[in-house]
Amino acid sequence: MPHPAEGAAAAPRVLVIEDTPDTRELIVGVLRAQGLDVDSVGDGAAGMDRVASWGPDVVVLDIGLPGMDGVEVCRRLRAISEAYVVMLTGRSDEIDKVVGLSVGADDYVTKPFSSRELAARVQAMLRRARPGTAPSALRRLGGLTIDSAGHEVLLDGAAVELTRREFGLLDVLSAEPNVAFTRAQLLERVWGASWFGDDHLVDVHISNLRRKIEPDPKAPRYIRTVRGVGYRMGQG
């Protein structure tokens with residue numbers, strides 16, 4: 001399928017990686033109608049090549065690709081790109097969603113999906129500024145050190161690799177450790193006020209974050225659940 005000329009427009013770039021031709025054409029048509037510069041490929045290997053050569057702003061990625069599946073594509077993509085990723089899954093079970101988000105996807109949409117919903121989610125991501133943090137002092141909570149300016153987290157002196165969403169949640173919570181944030185507040189702070197999504201995203205990312213920073217994720221010391229409210233930062 002021909003793709004838009006490289007220098008034809010300053011419109012944001014969206015790459016669709018989807019192996020089903022009808023679905024791929026539908027997504028491309030919907031996003032081009034939004035004024036976006038859209039390209040598409042049908043498998044993970046071609047998708048990785050296109051990410052490297054074209055530099056998309058958003059990748060719409062099917063989880064059930066043949067050969068290299070969407071989870072592996074997302075894992076590899078994260079090593080070379082800061083593009084936002086919307087994962088498409090053909091099943092409604094939670095496993096695909098959780099696994100997809102744990103390797104760096106920013107959102108998921110379950111098939112069959114509303115074209116309007118998918119377009120709204122892509123546009124919401126594009127309204128978000130690129131990841132960045134304002135300078136601030138180091139925050140130390142027990143064995144956890146958060147460097148907001150340097151975008152670095154240490155646990156007992158060892159670096160912890162976090163996705164940008166995980167770091168965003170930790171940054172917000174640790175900046176006001178005595179505040180209990182609702183899921184809606186965390187969505188607004190980390191994903192942005194215009195984000196089109198549900199509170200479940202916060203729970204998924206908190207769960208992934210706990211696995212990386214908590215000695216015992218089942219008895220968290222750093223990120224505490226406040227029943228009936230949401231989450232707050234503990235002292236470790």
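At roughly what angle do the axes of helix 6 and helix 8 cross? Helix 6 covers residues 164-175 and helix 8 covers residues 200-213; their axes cross at roughly 85 degrees and come within 9 Å. The axes are lines fitted to C-alpha atoms, for helices over the stretch in contact, and angles run from 0 to 180 degrees between N-to-C directions. Helix 6 is therefore roughly perpendicular to helix 8, a label for 65 to 115 degrees; under 35 is roughly parallel, over 145 roughly antiparallel, and the rest oblique.

From helix 6 the contact uses Arg165, Glu166, Leu169, Leu170 and Leu173, and from helix 8 His205, Ile206, Asn208, Leu209, Lys212 and Ile213. Contact here means heavy atoms within 4.5 Å. By class, six of these residues are nonpolar, two polar and three charged.

Before going on, the basis. This is a predicted model, in which local features need pLDDT of at least 70 and side-chain atom pairs count only at pLDDT 80 or more, while totals for chains, interfaces and linings use all residues. Residues are numbered from 1 along each chain as its sequence is written, and side-chain values use heavy atoms, with hydrogens and water left out.

Is Glu166 buried or exposed? Glu166 has 0% relative accessibility, so it counts as buried; buried means under 20% relative accessible area, exposed over 50%, and partly exposed in between, with a 1.4 Å probe and protein chains only. Leaving out residues up to four places away in sequence, Glu166 touches Glu161, His205, Asn208, Leu209 and Lys212.

Leu173 is also in helix 6, and at 0% relative accessibility it counts as buried. With the same exclusion of residues up to four places away, its contacts include Ile206, Phe181, Tyr231 and Met233. Leu173 and Met233 are 60 residues apart along the chain, yet their C-alpha atoms are separated by 5.4 Å.

For the protein overall, there are eight helices and twelve strands, taken as DSSP runs numbered from the N terminus (helices H or I, at least four residues; strands E, at least two). Of the 236 residues, 48% are buried.

Last, confidence. The average pLDDT, the predictor's confidence in each residue from 0 to 100, is 85, and 87% of the residues score at least 70. Strand 1 (residues 13-17) is highest at 97, and helix 4 (residues 94-102) is lowest at a mean of 68. pLDDT stays under 50 over residues 1-9 and over residues 132-136.

Conventions: Ala, Val, Leu, Ile, Met, Phe, Trp, Tyr, Cys and Pro count as nonpolar, Asp, Glu, Lys and Arg as charged, and the others, Gly among them, as polar.
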